Amino acid sequence: MPRNAEPPRIMDAASPAAIDRARELILAGEPVAIPTETVYGLAADATNDRAVARIYKAKGRPTFNPLIVHVSGAGMARRFADLPPLAEKLAATFWPGPLTIVAPRKKDCGISLLVSAGLDTIAIRAPRSKAAQALILACGRPLAAPSANRSGSMSPTTAEHVRESLGDRVALILDGGASEIGVESAIVKIDGDRAVLLRPGGVAREEIERVAGGPLESSPAGEVEAPGMMQSHYAPNARLRLNATEQRPGEAFLGFGKIAGRNDAALNLSAGGDLVEAAANLFAHLHAADRIVSSLRLKGIAVAPVPDEGLGEAINDRLKRAAAPKSGDNVADDS
Ligand code: TXA
Ligand code: MG
């Protein structure tokens, strides 16, 4: 495992010195943890094979799952991918922002083959967080970045989560505060005029469909198109009980709206029943509930039902994965 002798340095993402230091490391082939509006990413030069390999190593990823390439906007994206008209339309509407577009990869585009893990497509997004944009521009190149957590654990939404998960496996963490959106980007694969939702995420299905002018297809059952979508993912240590209408003895509780727990082991994703607020709180509350379970030796976390509309689809998707049995953890997944 790559270990830096030093603990990670945490710098304020808003400071120009932090962007300078991050740029130096990235251009030298070192991954850097950066804030994005969805979750924190572990970013490296997408055109440098060794740098990309270091991402996999730092995460302890068992296999080479494909990574998302972060660009400044559609102009940079067109250098690496053939964007069909529908992809252009989605990019014009949602970029910069929490939408990842999977499209055919251009031959000899200069992106490390490790990024696409052997696929002839490439996943691209333009993040809207200021620090991510500043760093892409400073480096003048695309950044490959999966979520900045150790393989198999939850996505980080604060610099502290990154430090807890990656520790000395990363030299620098840019601290941009709590992630604005809190769940990963929605991933849409564009194949001619077909659009398939590979992962629900930070842009709601309904919003994408409005722009696409029709329903999104779902990925074929059982087929793993986005390998990070395998069952046991986003996993806290504690066992989860979903759609819980009450907190039972011995449980921590994650409420939503009026369905709330009653004691110190209870948190609420959004007391006002706001799905945007719930998404922003999701991973931080799962992290916190996990800590409560282990410190009070509870038997698990019960989670209130969350409506399956808007960002609720992404929230329920992550909750289902977090609740899935870890079956010996033999899945080659992680993201
Ligand atoms: O919000 C996000 O998307 C965050 C931030 C850091 O940008 N990133 C993120 O990356 O969630 P990661 O590696 O945790 O998830 C990327 C997902 C994986 O499920 C991967 O399999 C899928 O994207 N993916 C990447 N390239 C693909 C491709 N060419 N075809 C299909 N799926 C792809
Ligand atoms: Mg991930």
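How are α9 and α10 oriented to each other? In this predicted model, the two helices pack at an angle of about 20°, with their axes 9 Å apart. Angles under 35 degrees count as roughly parallel, so α9 and α10 are roughly parallel to each other. Their crossing is left-handed. From α9, which spans residues 275–296, the contact draws on Leu-275, Ala-278, Ala-279, Leu-282, Phe-283 and Leu-286. From α10, Gly-312, Ile-315, Arg-318 and Leu-319 take part. By class, this contact has eight nonpolar residues, one polar residue and one charged residue.

Helix α10 covers residues 312–323 and includes Asn-316. The relative accessibility of Asn-316 is 13%, so this residue counts as buried. Beyond residues up to four places away in sequence, Asn-316 touches Val-306, Pro-307 and Asp-308.

Arg-297 is placed in the loop between α9 and β15. Strand β15 comprises residues 300–303. Phi of Arg-297 is near 50°, a positive value in a residue other than glycine. Arg-297 counts as exposed, because its relative accessibility is 77% and the exposed class begins over 50%.

Helix α4 (residues 85–94) and helix α8 (residues 205–212) have axes that come within 10 Å. The axes cross at roughly 125°. The two helices are therefore oblique to each other. The crossing of α4 past α8 is right-handed. On the α4 side, the contact is made by Leu-86, Lys-89, Leu-90, Thr-93 and Phe-94. On the α8 side, it is made by Glu-207, Ile-208, Val-211 and Ala-212. These contact residues divide into six nonpolar, one polar and two charged.

The loop between α4 and β5 holds Pro-96 and Gly-97. Strand β5 spans residues 99–104. The peptide bond from Trp-95 to Pro-96 is cis, with omega near -5°. Gly-97 has 0% relative accessibility, and therefore counts as buried. Leaving aside residues up to four places away in sequence, Gly-97 touches Glu-37, Arg-125, Ala-126, Pro-127 and Arg-128. Gly-97 and Ile-136 are 39 residues apart along the chain. Their C-alpha atoms are separated by 14 Å.

Attention then turned to the loop between β12 and β13. Strand β12 covers residues 240–241, and strand β13 covers residues 251–255. Both Asn-243 and Ala-244 lie in this loop. Asn-243 is not a glycine, yet its phi is positive, near 50°. Asn-243 has a relative accessible area of 56% and is therefore exposed. Ala-244 has 0% relative accessibility, so Ala-244 counts as buried. With residues up to four places away in sequence not counted, Ala-244 touches Phe-253, Ile-259, Ala-302, Val-303, Ala-304 and Pro-305. Ala-244 and Ala-77 are 167 residues apart along the chain. The C-alpha atoms of these two alanines are separated by 43 Å.

Helix α2 was described by its burial and its ends. The helix runs over residues 49–59. Its buried residues are Ala-51, Val-52, Ile-55, Tyr-56, Ala-58 and Lys-59. The elements covering them include β3 (41–45) and α5 (113–116). Also among the covering elements are β7 (143–144) and α7 (159–166). At the N-terminal end, Asn-48 caps α2. A side-chain oxygen of Asn-48 lies 2.9 Å from the backbone nitrogen of Arg-50. Just after α2, Gly-60 takes a positive phi of about 65°.

Technical notes:
Residues numbered from 1 in each chain as written. Chains lettered and ligands numbered in written order. Predicted model: local features only at pLDDT ≥ 70, side-chain atom pairs only at ≥ 80, totals over all residues. Heavy atoms only, no water. Buried < 20%, exposed > 50% of the residue type's maximum accessible area, 1.4 Å probe, protein only. Helix = DSSP H or I, 4+ residues; strand = E, 2+ residues; numbered from the N terminus. Contact = heavy atoms within 4.5 Å. Polar contact = N/O pair within 3.5 Å; in protein donor to acceptor, adjacent residues only side chain to side chain. Axes fitted to C-alpha atoms, helices over the stretch in contact; angles between N-to-C directions. Parallel < 35°, antiparallel > 145°, perpendicular 65-115°, else oblique. Left-handed = near helix turned anticlockwise from the far one by under 90°. Nonpolar A, V, L, I, M, F, W, Y, C, P; charged D, E, K, R; others polar.
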